[in-house]
Amino acid sequence: MIKKITQKKIMPLTLEQFQEIQSIFMHLSNDQLIWISGYLWGLTHSAEFEKITNISKDTDVISDKNVHVDPQITLISASQTGNARRLAECLRDDIIAANLKVILFNAKDYKFKKLSKETLLIIIISTYGEGEPPEEAIALYQYLFSNKAPNMINTNFAIFGFGDRSYEHFAKAGKDFDYRLEELGAKRLLNRVDVDVDFKKEADIWRKNIVSLLKSKMHVNNIFCNTTQHINTSKLIHTTTYNKMSPFVAHLLTRQKISSRNALKDVFHLEIDISNSDINYQPGDTLGVWHENDPNLVDELLNLLNLNGNDHVSMQKQIIPLNTALKKYYELMQNTPILIKEVANISQNKTLINLLKDKEKLYEFIANTPIIEMIYRVPLILTPQQLLKILCPIKPRFYSISSAQAEVGEEIHITVSVIRYEINGHFRTGSASSYLADRIQENDKIRIFVESNDNFRLPTNSNAPIIMIGAGTGIAPFRAFMQQRSIDGSAGKNWLFFGNQKFIDDFLYQLEWQNYFKNKLLTNINTAWSRDQDHKIYIQNELLINGDEIWKWIEEGAYVYVCGNAKYMAQDVDKALIKLVSQHGNMDINKSKNFWNKMRVEHRYQRDIY
């Protein structure tokens with residue numbers, strides 16, 4: 001039996017409380033209301049939120065063992081650059097609009113032991129680097145593939161995987177989760193979907209399909225819906241005015257080279273004006289930049305293909321000149337398996353056809369052969385429209401923000417290492433890095449957006465010690481960390497480990513770090529210069545040398561941060577940290593790995609790798 005729910009229970013506030021809230025909200029801006037909404041949503045959707053799905057003893061609802069209780073949909077988002085998170089938020093809103101019960105978790109906040117109790121589980125996940133799960137999903141991934149993983153025979157699941165076909169292991173993280181859940185006994189609600197960079201159409205279709213399927217699986221509890229459907233959590237979390245599809249048009253304030261004239265790599269410090277944007281960011285966040293291709297590269301490609309850049313082409317329901325399309329909208333350097341297959345089919349080139357049969361050689365070719373160099377080797381006859389059809393859309397590039405807004409105000413700073421190399425007698429540069437370092441000038445426009453990175457945050461406790469481990473431009477976010485800790489007057493100890501090639505040429509932001517050390521904000525600083533001596537010294541060597549002291553800091557509650565190259569530096573540092581804890585924490589290797597997984601779950605081991 002169910003009693004009638006009174007109006008008082010639908011709005012569980014006294015008139016005085018309601019009027020007091022109204023008096024506060026009426027003076028707030030739209031942005032402030034959105035922030036407060038997100039804050040309140042976060043409070044109610046913590047790890048304890050599942051309690052809300054149980055009918056409270058304090059309500060007028062009387063439970064009955066014959067009353068049907070709907071299962072709850074658990075939605076897990078594991079994102080690297082924000083795409084998976086945004087899709088998860090859209091799907092959550094779709095599910096709520098369909099009067100179904102859902103709770104959205106960031107993978108890093110999900111409690112593993114709940115897995116065996118899930119009946120409806122949806123995971124939206126990106127793949128990073130060499131087929132790895134995103135940073136926020138590593139601990140969950142390792143738990144699932146451990147011998148602690150539970151039997152999941154009562155779980156129905158669906159996986160949506162983001163990937164990039166320019167990488168060998170396309171959408172591998174989603175495939176791994178899909179395979180493992182099935183292996184543990186779970187049943188698919190829907191076949192896994194894997195998408196590339198241009199994913200909107202497939203994502204929209206999948207959202208409709210999954211919601212329709214969930215509606216057919218679940219009984220809608222009208223009592224729950226009537227009391228909660230007015231709560232629309234869309235766009236309350238991670239809401240920004242500007243995003244990937246609607247970037248802010250900023251201006252370059254200044255650019256300064258911070259590596260020496262003799263350095264093997266050119267590294268620049270850029271300061272970008274974001275006045276009048278209302279953009280807010282935190283240390284640890286990432287800046288997305290939309291770049292344009294070098295006009296000289298566009299002309300070179302057009303000459304190779306004997307095409308006229310003034311010819312018009314159709315692109316996204318607009319008609320524009322071919323050279324404009326190539327400059328602004330298409331990738332001209334980064335090769336992909338799909339492009340090689342298209343060129344092989346058109347040209348019937350035996351070398352490319354054979355490459356497609358040998359995965360190892362194919363990806364070696366991709367890594368070492370830009371698109372334009374491939375076209376030098378394989379002559380093509382294409383119409384302008386055919387050319388656009390085989391090219392991939394240009395993608396924004398992401399840079400760790402190297403400033404704290406509390407310090408620099410309406411500016412964003414980034415640190416850019418320029419890719420320069422020679423191939424087949426041609427001098428080549430990175431599309432985005434050369435755009436930022438060579439082609440745009442002070443006061444020029446630049447299209448940007450901020451990606452929030454909650455997986456790389458300073459401790460909320462300003463007294464907690466931090467250990468920062470970075471190589472090359474991986475030092476960027478730690479500059480932001482120190483600016484913030486200086487502004488906040490944080491009492492916590494700070495230790496920097498920094499590695500690069502040469503002390504004289506490559507000590508990025510050297511004077512700033514020395515001043516932090518002189519002023520005692522920076523407690524310790526250890527550096528590793530790989531080419532200053534006959535034998536190479538890397539940052540992982542410095543970690544092991546200082547293992548005893550690092551372990552003491554960790555025991556004191558230190559947070560450990562790593563920023564740098566995913567394929568080499570981050571893996572080597574991870575191995576060194578496992579070895580360090582094994583040696584100084586008296587653990588075997590497996591226990592040491594579990595220790596670092598626990599540190600991840602506690603957000604005390606965080607990585608920003610690229």
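1. In this predicted model, Glu-602 is partly exposed, with a relative accessible area of 32%, and its side chain forms a salt bridge with that of Arg-604 at 3.7 Å from N to O. Arg-604, in contrast, is buried, because its relative accessible area of 16% falls under the 20% limit.

2. The structure as a whole holds 30 salt bridges.

3. Within helix α6, which spans residues 172-183, Lys-172 and Asp-176 lie four residues apart, or about one turn of the helix, and they form a salt bridge whose closest N and O atoms are 2.8 Å apart. Asp-176 counts as buried at 13% relative accessibility, whereas Lys-172, at 28%, counts as partly exposed.

4. The side chains of Lys-257 and Asp-266 also meet in a salt bridge, at 3.0 Å from N to O; here Asp-266 is buried, with a relative accessible area of 18%, while Lys-257 is partly exposed at 33%.

5. Lys-265 counts as partly exposed, its relative accessibility being 45%.

6. As for the protein chain overall, its secondary structure comes to 24 helices and 21 strands, and 50% of its 610 residues are buried. The chain exposes about 30,700 Å², of which carbon and sulfur atoms supply 50%.

Terms used. Residues are numbered from 1 along each chain as its sequence is written. This is a predicted model: local features need pLDDT of at least 70, side-chain atom pairs count only at pLDDT 80 or more; totals for chains, interfaces and linings use all residues. Side-chain values use heavy atoms; hydrogens and water are left out. Buried means under 20% relative accessible area, exposed over 50%, partly exposed in between (1.4 Å probe, protein chains only). Helices (H or I, at least four residues) and strands (E, at least two) are DSSP runs, numbered from the N terminus. Accessible areas come from the Shrake-Rupley method with a 1.4 Å probe; for residues, only the protein chains shown count as cover. A salt bridge is a side-chain nitrogen of Lys or Arg within 4 Å of a carboxyl oxygen of Asp or Glu.
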